[in-house]
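Try each task on your own before reading the solution.

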Amino acid sequence: MRRFQLYSILFFVIAFISISCKDKSKEEKVLAQEISILPPEQLYGDLFYDIQQNEHLFSDSKTFVDAIPKRSLDSIKSEYSNIKDSSNTYILQFLKQNFYIPGEEKRQEYKTDSSAIDAHITKLWSVLKRPADLKVSGTLIPLPHPYIVPGGRFREIYYWDSYFTMLGLQVDGEIEMIQQMVDNFSYLINEYGFIPNGNRTYYLSRSQPPFYALMVDLLAEEKGDSIYTSYLSELEKEYRFWMEGENQLSENDSVYKRVVRMPNGSILNRYYDNKNTPRPESYREDVKTAEAAVKETDNLTKEQVYRDLRAAAESGWDFSSRWIKPDENGKFDLKDIHTTAILPVDLNSLLYHLEKTLAKAYLISGQPDLSKEFKELAEIRKKAIDKYFWDASSAFYKDYDFVKQEQTSVISAAGIYPLFFEIPTEDTAQKAAETLKTELLKKGGIVSTTNHSGQQWDAPNGWAPLQWISYKALQSYQILDLADTIKDRWINLNEKVYKNTYKMTEKYNVEDLSKESGGGEYPTLDGFGWSNGVYKKLTSE
């Protein structure tokens with residue numbers, strides 16, 4: 001496929017000028033020198049493995065990897081190596097003496113009261129706000145500007161969460177915070193070549209759904225189209241991360257990291273992770289899953305299971321039947337995960353939008369030839385999305401298993417992403433909307449998938465991002481009655497739960513409105529960044 005050969009010299013000159021001219025703060029320069037990018041297994045050595053394999057110390061595997069050392073790591077590890085008493089009581093005491101344990105820090109907390117839900121969310125921005133990190137030890141990657149965290153166990157910025165949080169910030173006029181969060185993500189792109197899952201060292205091997213271009217769109221709504229020129233270099237770097245290795249693909253070697261060459265020559269993308277070890281923040285869980293998988297499946301290695309678990313984490317849908325092979329009875333067990341064999345419809349729709357955004361940005365910056373190049377790339381991807389993801393029999397877009405060369409059986413809300421980006425024709429969109437209505441619309445909104453697997457990104461759970469994507473997708477095709485139904489049911493559910501608990505939660509049970517959501521590796525959390533943002537935005541529409 002024709003890529004950047006004709007324009008490479010021009011691009012690198014422009015990129016160099018853009019980076020050189022960017023007003024990089026003193027804090028950013030200091031951070032670039034001081035950040036330790038060691039993941040916790042390298043940072044803590046034997047201490048990490050001992051703690052993470054001990055299920056009696058912390059119920060949440062994320063607790064220790066987020067802890068902050070109180071003194072020199074060398075001295076902590078040296079003292080630990082000489083400990084004679086290995087009882088859980090003593091080890092826990094040792095950890096509390098030597099680390100600031102998450103949950104024990106003193107932060108501003110929101111005091112539950114009977115405020116109206118809208119006022120509650122506005123108050124929460126200050127609770128979820130974190131200042132610029134000038135120097136933090138442990139696994140947190142410092143950021144040069146303030147930011148909003150999701151809440152609960154999520155004590156750091158998260159990539160795709162942040163876009164939906166920004167929707168609410170926009171409604172509340174918090175444009176400076178949106179700017180600061182976009183600048184933080186730009187900082188990460190420039191430092192690491194991509195946006196990590198979150199600003200933790202243990203996330204530096206993977207990203208999350210590429211919503212950066214939509215964040216730039218949001219900022220441009222407030223500050224004008226010059227924003228596209230300001231962030232052109234970062235948009236390009238984001239694209240190059242997802243497309244790494246595309247020029248080396250051939251018919252005989254058709255897969256590399258996140259890119260897959262299809263039989264018709266088009267390039268599509270998958271979720272991936274650069275590592276194939278247990279996730280540090282879910283160490284025990286991943287080890288158990290991998291052991292169960294290799295015990296039952298010949299020619300399967302633990303490393304492949306770890307890679308697939310990590311790739312699912314990059315998808316943001318961790319976990320879902322989307323990534324799991326069903327057994328002979330149609331049941332979904334996490335040990336049968338095979339994420340890296342799947343081309344996701346949402347990811348490829350997002351990358352279509354990134355290509356369109358780059359075309360727009362290059363045109364605004366006075367580079368029509370590069371704009372034309374990216375328009376052509378977007379058109380090629382658009383045709384591939386219709387060819388490989390549209391399932392005429394179910395009248396919906398589905399993920400594609402490129403190993404089996406067929407669509408998966410799962411109907412999920414990810415299938416509405418092509419409509420969000422206005423990819424299909426009016427006729428195809430109408431058919432997809434009808435399937436969305438009959439298969440995924442429930443009493444409280446859109447359910448993630450039709451499957452009850454016990455995983456949190458399956459039925460009966462609904463998530464704020466999927467409600468917003470569905471609502472705006474239908475609006476763009478003037479399917480207004482269904483769009484409003486989704487909006488009204490989700491708002492009513494949010495308000496019902498808030499009236500009973502005075503909390504906004506991470507996810508909701510959209511099938512049985514008398515029950516809470518469930519499933520996954522941790523309890524349902526309150527806070528909660530993207531639920532706050534989507535509620536604010538929907539009620540302002």
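**Exercise 1.** Find which residues P278 touches, leaving out residues up to four places away in sequence, and decide whether P278 is buried or exposed.

*Solution.* This is a predicted model, so keep that in mind throughout.
- Step 1: Go to the loop between β7 and α14 (283-296), where P278 lies.
- Step 2: Look around the residue; P278 touches Y283, D286, V287, Y306 and R310.
- Step 3: Pick Y306 from that list. It is 28 residues from P278 in sequence, yet their C-alpha atoms are 5.6 Å apart in space.
- Step 4: Check the accessibility. P278 has a relative accessible area of 12%, and the cut-off for buried is under 20%, so P278 is buried.

**Exercise 2.** Describe the hairpin formed by β8 and β9: how many residues lie between the strands, and which turn residue has a positive phi?

*Solution.* 
- Step 1: Locate β8 (residues 324-326); two bridges join it to β9, and the strands run antiparallel.
- Step 2: Find a facing pair: P326 stands opposite F332 in β9.
- Step 3: Count five residues between the strands, and note G330 in the turn, with a positive phi of about 80°.
- Step 4: Check how covered β9 (residues 332-337) is. Five of its six residues are buried.

**Exercise 3.** Characterise the packing of helices α13 and α16: at what angle do their axes cross, and what is the make-up of the contact?

*Solution.* 
- Step 1: Recall what to look for. Two packed helices are described by the angle between their axes and the distance between the axes.
- Step 2: Apply this to α13 (residues 232-242) and α16 (residues 345-364). Their axes come within 10 Å and cross at roughly 145°, and the crossing is left-handed.
- Step 3: List the residues that make the contact. α13 gives L232, L235, E236, E238, Y239 and W242, while α16 gives L347, L351, L354, E355, T357, L358, A361 and Y362.
- Step 4: Sort these residues by type: 10 are nonpolar, one is polar and three are charged.

**Exercise 4.** Place F528 in the fold and find which residues it touches, not counting those up to four places away in sequence.

*Solution.* 
- Step 1: F528 is in the loop between β18 and α22 (529-540).
- Step 2: Its relative accessibility is 1%, so F528 counts as buried.
- Step 3: F528 touches P150, G151, F154, D161, M504, T505 and E506.
- Step 4: Move on to E506, in the loop between α21 (480-501) and β18 (508-509). E506 is also buried, at 3% relative accessibility, and its side chain makes a polar contact of 3.4 Å with the side chain of K507.

**Exercise 5.** Is K536 buried or exposed, and which residues are in contact with it once neighbours within four places in sequence are set aside?

*Solution.* 
- Step 1: Find K536 in helix α22.
- Step 2: Its relative accessible area is 2%, so K536 is buried.
- Step 3: Its contacts are D118, I121, T122, G168, V171 and D172.

Terms used: Residues numbered from 1 in each chain as written. Predicted model: local features only at pLDDT ≥ 70, side-chain atom pairs only at ≥ 80, totals over all residues. Heavy atoms only, no water. Axes fitted to C-alpha atoms, helices over the stretch in contact; angles between N-to-C directions. Left-handed = near helix turned anticlockwise from the far one by under 90°. Contact = heavy atoms within 4.5 Å. Nonpolar A, V, L, I, M, F, W, Y, C, P; charged D, E, K, R; others polar. Buried < 20%, exposed > 50% of the residue type's maximum accessible area, 1.4 Å probe, protein only. Polar contact = N/O pair within 3.5 Å; in protein donor to acceptor, adjacent residues only side chain to side chain. Pairing = 2+ DSSP bridges.
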